[in-house]
Amino acid sequence: MVLSAPFHGCFAATSQGQPPRKRSLVQSLAVNGGSSVFLPVSGNVYPLGYYSVALGIGNPPKTFQLDIDTGSDLTWVQCDAPCTGCTLPRDRLYKPVKNNFLACKSPICAALHSLKAHQCKNPNEKCGFQVEYADHGSVLGAVVSDNIPLRLVNGSFSSPLLAFGCGYRIQNRGPHPPPPTAGVLGLGKSKASISSQLSGMGITQNVVGHCLSGQGGGFLFFGADFVPKSGMTWAPMLQNSFNKYYSSGPAELLFGGRPTGVKGLNVIFDTGATYTYLSSKVYQTVLNLIRKDLGGKQLQDVKDKALPVCWKGIRPFKSVRDVRNSFNTFALSFTGASNIQLQLPPESYLIVTEQGNVCLGILSGTEAGLGSSNVIGDISLQDKLVIYDNEKERIGWSSADCTRRL
């Protein structure tokens, strides 16, 4: 999310997943062939704190590892223009050439600045960009275009000229060190996102999907060929003041299948956030419910550097499976539509740390600088196929084995 808190940067942070099925989810989904792009994902919620993909840029292509972020639009890479604050060695930075830079008058530049008055003192001046994150980190640079080679699932290749950010002034002020990635893959809704650009060129439909494994890894896709014909739960995509983000609502929060009194929540789906962030009142309600439910169980509060709220058992835990029976399931029940729920079992909000403690992967978004926003982060998106269908303005999800086996 362009507001990223201890999202370990926006650069986006494991519960253990389900046993692998004999048939790959990817094989069972790719039934139509056609114009879609499939990308393997690496990373995990804990201890890494982000999921990323490898993307080739340029001709010949140079590979860059990018954090996947549905909470921001512009893809950007660390850039030798030259660079201040870049974390990668100079030989691993993107090197722009003069004719790569986009002009201020370009439609992509206008899309990037749509929330503010887009004025060009000189239409041919470079299109600049600045991204600020909730942890007070920022990226400043210029928008460029270059070839990004892609293999389509129908077997063909495409190397479209796509626009992205060349980040040459980077500040990391958050409490966590930045990840070792080269930048961010912006998957948001605006015309500046990679998905929108591919759709505008007729290469893929404007559909983005991801499956993040609790065991680490997973996959990401552009296009509609991986959208299952059945088995998905679909909620409408909000088209109001939240329309900058993939969001849905209003929703009621349930705990153990029972109402909590929390209603009217609009939630943002954001792979740029490691954990899930709730506004302060909702967060406090969640914390109180969990603590009350733990009464009489053999778990004690403990300090752990991983997260603010943690518990220890009689002996160290090895995985969330060891402790899941002590915790209950949350659910977001989307009102205005029948039986639309996003289930959040213990694996979707707990991690087990290197110290063998179990910690709460739900944080106060208000304390993290997110105001009253409610953000569903990586931890709660694990082991689910999640699809953002911009063609039909809907967000879908289903439980899935995200282990990548092609």
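Two strands are taken to pair if DSSP finds at least two bridges between them. The model shown in these views is predicted.

**View A. Strand β20 and its pairing with β21.** Four bridges link β20 to strand β21 (residues 341–344), and the two strands run antiparallel. Within β21, L344 stands opposite F330.

**View B. Strand β20 and its pairing with β14.** Strand β14 (residues 247–255) is joined to β20 by five bridges, again with antiparallel strands. L332 of β20 is the bridge partner of L253.

**View C. Burial of strand β20.** Strand β20 covers residues 330–334 and is mostly covered, with five of its five residues buried. Buried here means under 20% relative accessible area.

**View D. Length of helix α4.** Helix α4 is made up of 14 residues, 280–293. At 1.5 Å a residue the helix should span 20 Å, and this agrees with its end C-alpha atoms, which are 20 Å apart.

View E. V282, Y283, V286, L287 and I290 are the buried residues of α4. Seen down the helix axis, the buried residues of α4 fall within an arc of 135°, so they line one face. An α-helix has 3.6 residues a turn, so residues three or four places apart point the same way. On the face of α4 turned away from its buried side, K281 and K292 are exposed.

Terms used
Residues numbered from 1 in each chain as written. Predicted model: local features only at pLDDT ≥ 70, side-chain atom pairs only at ≥ 80, totals over all residues. Heavy atoms only, no water. Expected span 1.5 Å × (residues − 1). Buried < 20%, exposed > 50% of the residue type's maximum accessible area, 1.4 Å probe, protein only. Arc of directions from axis to C-beta.
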